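Here are a few quick notes to read alongside the structure. Have it open while you go through them.

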Amino acid sequence: MVIMRAVLCSLCAVLAPAAPCLLRAWQLGAGVIRTLCMGLALLSVCKFTEKHECVTTENGVGTVGISNFAQEEALGNVVYCSLLEVGTKLNKQDAFGALESVKAASELYSPLSGEVSEINEALSENPGLVSKFCYEDGWLIKMTLSNPSALDEISS
Amino acid sequence: MLALRGRDMVARKACRVLGIGSAFSSSSHREAVRKTGSSSMLIPFSMKNCFQLLCNRQVPTAGFKKTVKNGFIIHSISNDVYQNLAVEDWIHDHMNLEDKPILFFWRNSPSVVIGRHQNPWQECNLNLMREEGIKLARRRSGGGAVYHDMGNINLTFFTTKKKYDRMENLKLIVRALNAIHPQLDVQATKRFDLLLDGQFKISGTASKIGRTTAYHHCTLLCSTDGTFLSSLLKSPYQGIRSNATASIPSLVKNLLEKDPTLTCEVLMNAVATEYAAYHQTDNHIHLINPTDETLFPGINSKAKELQTWEWIYGKTPKFSINTSFNVLYEQSHLNIKVFIDIKNGKIEICNIEAPDHWLPLEILDKLNSSLVGSKFCPTETTMLTNILLRTCPQDHKLHSKWNILCEKIKGIM
């Protein structure tokens, strides 16, 4: 396990230098470690775009959130989150919503192409949730990907 | 890219559109002065330069350097809030602002402008606005509700996302004000307001951050109708429950009240001078026509989108209304309860409750079910209720009660 964690740490450093949250993910649970042990093919990796949205995929479904870096550095206290509706088709880089914090509306851009399958309704009551780690409570949208292997295209 | 001859044709056409001579003659200058009412630094904009400028990535750097050094100042000749907001969208979407920041001055005819995630029913008196012909616009930036008229100057600072700095822009405005009135006590607050004498708001801020560009815009109160502002930005609608971003009301004051020499022209020139000094660029304010498709291809469809019901009202975050009103019936008051849920500006749930000795339950049920799915809008409600009335028994008393009820319901829209 120690070796595995060391490997993961260097993987994190390579994939997302601005994101300490990846390491936290692997500290989370035995379940995750078990998944990793089953082979790299099943590895759930949270990839970061240079625009601060992050995405993790599983079985052709992408879950999109924003990195802690983006949340702390660029946004501060999020007071509102608006998201496009379920069923919206998105191309990579299309805007899918906005976050508002102290009078600034920050656009959210889709890291992948696909169709919105679910939006995080909890955010309308509690927009501050986006500050939670991107694939826990703070996820923004889930989307069925048009190209599941497109995750590899995202720059790290 | 267009051949040189093509560009000249565009230039001539654009000059015709702007109503100015293509040569910078004294008569064309007088014309420009007459149109803008100012004899300051406004000069007719060279269309050839503008076209080069605005076709961002395709223009060789030498072309940019020739026309624009480190910054650029523009002023809209339009007072239409939607056209001016469209300019912001256009620049944000199409321009590469690397080392080329832009300052945009614009003024609007009487309008209320709400922030991206606001609820107009919560923010302003829509009934009064309809009576007085005041436009309602929803901007794409965050922040609260403001009232614009020709006594208010809007300033938009366009930069790359990296150079986005609201406080820096506000400090620039304060320096500009102090340059023309050294004793003026103006300070920027942590919430990016500008306060005069420590208590009166003279400027409010909002911004939008995109992929690579950002803009920060703010108002500057010069000679706005303050009484009208207060009445328009006061919502009469009761019982609204909403997550929309709410405005924080502030006491406002006009700069002109403090110093009668501080007219809109004087203020704009002062800020332009300071901006030009800061960015080491030419202190020229270039006039632009926001309806000109040759300068801004696609801008008119942006302006159109900003005027759609779907954008202005339909983008309102989900909200509910829980209120009641009284109707006079046989010398006593009857209480009518209203529970309405609205999503995307349309009625999702409608529960109007009235005593059934006043109006038969089946008629109320018809009203409730027919309003579901309709726009939360008095015009649409009038149409629907008129159609419904024709299906009701031809009873004069019933019709009179129906009309009273419908007027009350439209009154909360």
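1. Start with helix α14 of chain B, residues 361-371, bearing in mind that this is a predicted model. Five of its residues are buried: B:Ile363, B:Leu364, B:Leu367, B:Asn368 and B:Leu371. They sit on the same side of α14(B), because the arc they cover around the axis is only 135 degrees.

2. What covers the buried residues of α14(B)? The cover includes β17 (346-353), α15 (378-389) and α16 (396-411), which belong to chain B as well.

3. Have a look just past the end of the helix too.

4. Next, the second largest pocket, which holds about 970 Å³ of space. It is lined by 43 residues, and those closest to its centre are B:Gly144, B:Ala145, B:Lys201, B:Ser247 and B:Ile248.

5. Which chains and elements supply at least two residues each of that lining? From chain A there is β6 (95-101). Chain B brings several, among them β7 (152-160), β11 (205-209) and α9 (226-232). β12(B) gives the most, with four residues.

How values were computed. Residues are numbered from 1 along each chain as its sequence is written. Chains are lettered from A and ligands numbered from 1 in the order in which they are written. This is a predicted model: local features need pLDDT of at least 70, side-chain atom pairs count only at pLDDT 80 or more; totals for chains, interfaces and linings use all residues. Side-chain values use heavy atoms; hydrogens and water are left out. Buried means under 20% relative accessible area, exposed over 50%, partly exposed in between (1.4 Å probe, protein chains only). The arc is that of the directions from the helix axis to the C-beta atoms. Contact means heavy atoms within 4.5 Å. On a 1 Å grid over the protein atoms alone, a cavity is a set of points where a 1.4 Å probe fits but cannot get out, and a pocket is an open set with protein on both sides within 12 Å along at least five of seven lines; lining residues have an atom within 4 Å of a point. Grid points are joined across faces, edges and corners, and a volume is the space filled by probe spheres set on the points.
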